[in-house]
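Work through the exercises below with the sequence and the structure at hand. Each task is followed by a solution in steps.

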Amino acid sequence: MNENNRQNEQVQDIGQLMKVRRDKLAELQSEGENPFDITTYNQEYHTADIIDNFDEMEGKIVSIAGRLMSKRVMGKASFFDLRDKLGKVQLYVTRDDMGEEVYKKFKRLDIGDIVGVTGEVFRTQKGEISVRTNGYTLLSKSLLPLPEKFHGLRDTDLRYRQRYVDLIMNPEVKRAFEIRSKVITAIRNYLDSNGFMEVDTPILNTIPGGAAARPFITHHNTLDIDMYMRIAPELYLKRLIVGGLERVYEMGRQFRNEGMSIKHNPEFTTMEVYQAYTDYEGMMDLTEDLISTVAQEVLGTTTVTYQGEEVNLAPGWARMTMMESIKKYAGIDFSETKTDEEAAALAKSVGVEVEKGMSRGEIISLTFEERVEENLVQPTFIYEYPVEVSPLAKRYKDNPDFTERFEIFITRREFGNAFSELNDPIDQKERFMKQVEKREAGDEEANMMDEDFVTALEYGMPPTGGLGIGIDRLIMLLTDSPSIRDVLLFPTMKPLDNK
C-alpha cells in the first residue's frame with residue numbers, strides 16, 4: 001500500500017469516528033443531556049491528592065474531574081484512566097455500583113471526553129490506587145479522536161501547531177511551561193526585592209528603537225500613520241530613568257521581522273533592567289546573581305545539563321574583552337591594526353569574509369561572531385564592544401573606539417546584552433545620525449533618529465547601567481530544550497493550506 005492510499009484510509013477512518021461521536025452527542029441532546037449546557041462542577045480533589053495521600057484518602061468519597069485517556073470494558077466491570085492537570089488515576093466502574101442504565105451510558109463514553117466522577121478511594125487486588133465510581137457527569141464531549149495512544153503525537157510540526165493536543169498526549173511537555181512560569185515569577189521576585197519597579201511601555205511605536213532589528217509595520221487608521229511593533233523597550237525605560245524612577249524593569253514581548261530558527265521566533269520575551277548610578281560592571285554582578293538565584297530557586301541547583309554538556313551557573317563567570325577572546329580562540333590580535341584595511345586583511349587571514357566598506361569595529365565584531373562564539377559553553381561575559389555596533393552604549397574615556405558594553409554567552413549563544421548607558425545627548429545624536437546614514441544606504445536594521453529621546457537626555461540622565469536578557473533562551477537552558485519552539489506555547493508557524 002503506498003503512502004497516499006494509507007493516508008486516505010486514515011482520513012476515512014477519522015471521518016467515520018467523528019460521525020460516530022457526533023451521533024452520540026445528538027442522541028444525548030435529544031434526551032435532554034447536552035454536556036455543553038453544563039457550566040460548573042464541584043472538583044473537590046485532584047488525582048495527585050489521591051495518589052500522594054492514599055493512606056489518608058482510602059475509603060473516602062471523592063469528587064474529581066478530568067479527561068478520559070483510556071478504557072478497558074469487560075462486561076459487568078470496566079476500567080478507565082482519568083487525567084487532570086496533576087496526573088492520572090484509575091476509575092473502577094461496575095454495573096452493580098452504578099446501576100445498569102447508568103453503567104451502559106458510561107461505557108459509551110469516548111476517550112477524550114471530559115467527565116466529573118464521584119466514588120470511593122480504594123486499592124484494587126492488583127494494588128493499583130483507584131476510585132470505585134458510583135456516579136458521573138459528562139462535562140464536555142470530545143468530537144475529535146485523540147492520536148493513537150501507543151504512538152501519541154510525535155510530529156514536532158503538528159505538536160507546535162496543536163499545542164492543546166500536545167499537552168493532552170504528552171503530559172511531560174508541560175514541565176517546560178511550568179518551569180517557564182516559575183522562572184518569570186522568580187525573576188520578578190528578585191528584582192522587586194532589590195528595589196526595582198516593574199513598568200509597562202508602548203508596544204506600538206512611531207519610531208522603532210533600542211535595538212538593531214527589522215520591525216513589523218502596521219497602520220493606525222485614526223491617526224493615518226504607520227506604526228511599528230516594538231523591537232525593544234529600551235528608549236522608553238531610559239526616559240523613566242531621566243524622570244527619576246532610578247530602578248525600573250519590564251518583562252514583555254518584542255517583535256522582530258526577521259528569520260526563524262531554533263533560536264529565533266518573530267515574537268519573543270525579554271526582560272530589561274535599568275539602574276541609575278551604576279555601570280556595566282554593576283550589571284555583570286546583577287546578571288550573575290540573578291540567573292544563579294533563579295536557577296537555584298526553580299531547579300534546586302546551579303548546575304544544569306544542556307544537550308549533553310554540563311553548565312555551571314554559580315557566580316564567578318569568566319570575563320573577557322572582545323579582543324582578548326579573539327586572540328584566545330582565533331589566534332589574531334586586532335590591537336595591532338589601526339585602519340579598516342589592516343583589520344580586513346587580518347580577519348581574512350582566518351577565513352572571515354569581510355564586506356566592502358566595513359569599518360574596523362564592524363570587522364572585529366564579525367570576527368568574534370564567526371570565530372569565538374562557538375567556543376563559549378560556560379557562562380562568559382564578553383565586554384568592550386566597538387562603538388560602531390553599540391550606538392546606545394557609553395564610550396571608554398581612554399579608548400573611545402570601544403564602549404562599556406557586554407554580552408552574556410552560554411552554550412555558544414547570546415543570552416543578554418548590557419551597557420553603561422550613553423547619557424551624552426550630543427554624542428547620542430551624532431550616533432543616531434550615523435545610523436540614519438546606514439538606513440538610507442539600505443540597512444533596514446539600523447536605528448532611526450529619535451529626537452524626543454535626545455530631548456530627554458538633554459534634561460539629564462544620571463549614570464545608568466542597563467541589561468536585557470532573553471527569557472525564552474534562558475528557559476531553553478533551564479529545561480534542556482533544543483528549540484525555542486519547545487518553550488513557546490504557541491510559536492509562529494507558516495499557515496497550512498485548506499487541505
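This is a predicted model: local features need pLDDT of at least 70, side-chain atom pairs count only at pLDDT 80 or more; totals for chains, interfaces and linings use all residues.

Residues are numbered from 1 along each chain as its sequence is written, and side-chain values use heavy atoms, with hydrogens and water left out.

**Exercise 1.** Describe the largest nonpolar core and find the residues with the most contacts inside it.

Solution. Start with the terms: a nonpolar core is a set of buried Ala, Val, Leu, Ile, Met, Phe, Trp, Tyr and Cys residues joined through side-chain atoms within 4.5 Å. Buried means under 20% relative accessible area, exposed over 50%, and partly exposed in between (1.4 Å probe, protein chains only). The largest core has 68 residues, and Ile187 and Phe406 have the most contacts inside it. Helix H10 (residues 280-299) gives the most to this core, with 9 residues; helices (H or I, at least four residues) and strands (E, at least two) are DSSP runs, numbered from the N terminus. Another core, of 23 residues, lies apart from it and includes Tyr103, Phe106, Val115 and Val131. As a general rule, nonpolar side chains tend to be buried together in soluble globular proteins.

**Exercise 2.** Is Thr133 buried or exposed, and which residues does Thr133 touch?

Solution. First locate Thr133, which is in strand E5 (residues 129-140). Thr133 counts as buried because its relative accessibility is 0%. Then list its contacts (heavy atoms within 4.5 Å). Leaving out residues up to four places away in sequence, Thr133 touches Leu91, Tyr92, Val93, Asp97, Met98, Val117, Thr118 and Gly119.

**Exercise 3.** Examine the salt bridges of Asp157 with Arg161, Glu198 with Arg188 and Glu234 with Lys238.

Solution. A salt bridge is a side-chain nitrogen of Lys or Arg within 4 Å of a carboxyl oxygen of Asp or Glu. The whole structure has 28 of them.

1. Asp157 and Arg161 meet at 2.8 Å, N to O. They are 4 residues apart in helix H6 (residues 156-161), so about one helical turn separates them. Asp157 is partly exposed at 32%, and Arg161 is partly exposed at 23%.
2. Glu198 and Arg188 meet at 2.9 Å, N to O. Glu198 lies in strand E6 (residues 197-198) and Arg188 in helix H8 (residues 174-193), so the pair ties together parts 10 residues apart in sequence.
3. In the pair of Glu234 and Lys238, the closest N and O atoms are 2.9 Å apart. Both residues lie in helix H9 (residues 234-242), 4 residues apart. Glu234 is buried at 4% relative accessible area, and Lys238 is buried at 0%.

**Exercise 4.** Determine how the rings of Phe106 and Tyr136 are arranged.

Solution. Rings of Phe, Tyr and Trp (its six-membered ring) pair if their centres lie within 6.5 Å; planes under 30 degrees apart count as stacked, over 60 as edge-to-face and the rest as tilted. There are 11 aromatic pairs in the whole structure. Phe106 and Tyr136 are 4.7 Å apart, centre to centre, with 85° between the planes, which is edge-to-face. Phe106 is in helix H5 (residues 100-107) and Tyr136 in strand E5, 30 residues apart. Phe106 is buried at 0% relative accessible area, whereas Tyr136 is partly exposed at 23%.
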